[in-house]
Amino acid sequence: QAQLVESGGGLVQTGGSLRLSCAASGGSFSSRAMGWFRQAPGKERDFVAAINWNGDTRYSDSMKGRFAISRDNTKNTVYLQMNSVKPEDTAVYYCGVGAAILSTYVPIAPSAYDYWGQGTQVTVSS
């Protein structure tokens, strides 16, 4: 079974930066999308950013211009660079691997991802 482990979360001040990493193992993911989602207590798991097998990216409107997603297939790792963070960015951030092979679109729905990491906490102080 695939395993994904997020890291890099922590406490950061408003306007600061943070870089999250997600290391995947137990499978080959170069032909699949990988994405980042976040979830605050009592809230739905919301889309943050995703990168497809061909490098196409997609961002939530509230993160576009502030966050950047990238991947290194040689390391089976996906990254999320978070800049100009805001208190409303506070959440547990999860990475996931898309279920589709060579998808023609970048999936943004949680249901389109079949494996998830345990999450890493990001807290932005105001």
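Four strands come together here in an open, antiparallel sheet, running in the order β1-β3-β8-β7. Its edges are β1 (3-7) and β7 (67-72), each of which pairs on one side only. Do keep in mind, as you look around, that this is a predicted model.

**The sheet**
- Leaving direction aside, neighbouring strands of this sheet are turned by 15° against each other on average.
- Strands of a sheet pair through backbone hydrogen bonds, either parallel or antiparallel.
- The partner of β1 is strand β3 (residues 18-25), and the two pair in the antiparallel sense over five bridges.
- To find a spot to start from, look at E6, which stands opposite C22 in β3.

**P107, in a loop**
- You will find P107 in the loop between β9 (91-98) and β10 (113-116).
- P107 has a relative accessible area of 5%, so this residue counts as buried, the cut-off being under 20%.
- Setting aside neighbours within four places in sequence, P107 is in contact with A33, F47, A50, A112 and Y113.
- N52 is 55 residues away from P107 along the chain, yet their C-alpha atoms are separated by 8.1 Å.

- Together with W53 and I101, L102 forms a nonpolar patch on the surface, and the accessible area of the three together is about 280 Å².

Note on methods: Residues are numbered from 1 along each chain as its sequence is written. This is a predicted model: local features need pLDDT of at least 70, side-chain atom pairs count only at pLDDT 80 or more; totals for chains, interfaces and linings use all residues. Side-chain values use heavy atoms; hydrogens and water are left out. Buried means under 20% relative accessible area, exposed over 50%, partly exposed in between (1.4 Å probe, protein chains only). Contact means heavy atoms within 4.5 Å. Patches are made of residues with over 30% relative accessible area and no salt bridge: like charges are joined within 9 Å, nonpolar side chains (Val, Leu, Ile, Met, Phe, Trp, Tyr) within 5 Å. Accessible areas come from the Shrake-Rupley method with a 1.4 Å probe; for residues, only the protein chains shown count as cover. A salt bridge is a side-chain nitrogen of Lys or Arg within 4 Å of a carboxyl oxygen of Asp or Glu. Two strands pair if DSSP finds at least two bridges between them. Axes are lines fitted to C-alpha atoms, for helices over the stretch in contact, and angles run from 0 to 180 degrees between N-to-C directions.
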